[in-house]
Amino acid sequence: MNLEWSHVGLAFLLTLLAGLSTGIGSAVALLTKRTSKKFLSVSLGFSAGVMIYVSFVEIYPQAQTSLEAVYDSTWAALFVCIAFFAGMGVIALIDKLIPSYENPHELKSVESMYNKEDHKLMRMGVLSAVAIFIHNFPEGLATFISGLGSADIAYPIAFAIGLHNIPEGIAVSVPLFFATGNKKKAFTWSFLSGLSEPVGGLMGFALLYFFVGINQAVLGFLFAFVSGIMVFISFDELLPTAKEYGAHHLAIYGLIAGMAVMALSLVIL
């Protein structure tokens, strides 16, 4: 399969922007003394809605179509299922290996971080940065591969993952700032922790391109794998965190709004 290198460039740019949105969370946390829990709740719910809708309505069927170009429909459906749940399994394993205290998706509010002791805050911030770096590798691959497939899908996915990364920036920058008193250092750590997404995307693409080759079958498996990753992130991380930050209904309203906007944008595009 011949790749359009312009698509590769776009995929990398979207992955970079999504990853570095941790810097937005850092800036929000360092410039304001209180976070808007309602805004975070709705935003995370919205992000989950976008990712769930596009996974099941666009990416999963695209995986099926790609694999049916190589295998008969029964085998293609089976391989899509296997790859979908393999994606869930990989991201679940990464979550399992990161202790919940250091896991950036086990988020605390900014206010809850204010009264911690300095050495604990420093440890929390550094470990959160390391955890985010590890955790964002598969998310980077997800964004990058979606960018190779279709810009119509890639834009909303990058936007959704970018929203998802904003609270991660808060999780890194706030404890580091209160431990060191240095806003620049806290922002830099937070900003750089998001670099793992474009790094993960590029590494995954390079391995596939140079050692496996990219064809319809490989893309089909990848699309299904990416779909599983995004659905797991939505149900395991985004929605529970959205509910924790605000009222249950706010998270659901955000979820529905995200689905509606995604559906409308796909129809228009």
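**Reading the fold, a pocket and an aromatic cluster**

Reply: From the N terminus on, the elements run α-α-α-α-α-α-α-α-α-α-α. The model is predicted, so local features need pLDDT of at least 70 and side-chain atom pairs count only at pLDDT 80 or more, while totals for chains, interfaces and linings use all residues. Residues are numbered from 1 along each chain as its sequence is written, and side-chain values use heavy atoms, with hydrogens and water left out.

Me: How many helices and strands does the protein have?

Reply: Helices (H or I, at least four residues) and strands (E, at least two) are DSSP runs, numbered from the N terminus. Here there are eleven helices and zero strands.

Me: What share of the residues is buried?

Reply: Buried means under 20% relative accessible area, exposed over 50%, and partly exposed in between, with a 1.4 Å probe and protein chains only. Of the 269 residues in the protein, 53% are buried.

Me: Which residues is Ser-21 in contact with, leaving aside its neighbours within four places in sequence?

Reply: Contact means heavy atoms within 4.5 Å. By that rule, and with those neighbours set aside, Ser-21 is in contact with Ile-161, Gly-162, Asn-165 and Ile-166.

Me: Which helix gives the most to the lining of the largest pocket?

Reply: On a 1 Å grid over the protein atoms alone, a pocket is an open set of points where a 1.4 Å probe fits, with protein on both sides within 12 Å along at least five of seven lines; lining residues have an atom within 4 Å of a point. H9 gives the most, with five residues. Helix H6 (118–149), helix H9 (196–212) and helix H10 (216–245) each supply at least two. Among the lining residues are Phe-137, Met-203 and Phe-225.

Me: Which residues form one aromatic cluster?

Reply: Rings of Phe, Tyr and Trp (its six-membered ring) pair if their centres lie within 6.5 Å; planes under 30 degrees apart count as stacked, over 60 as edge-to-face and the rest as tilted. The whole structure holds six aromatic pairs. Phe-56 and Phe-84 form a tilted pair, 6.0 Å centre to centre with 40 degrees between the planes. Phe-84 is buried at 6% relative accessibility, whereas Phe-56 is partly exposed at 42%. Tyr-60 and Phe-84 pair edge-to-face, at 5.5 Å and 75 degrees. Phe-56, Tyr-60, Phe-84 and Phe-85 form one aromatic cluster.
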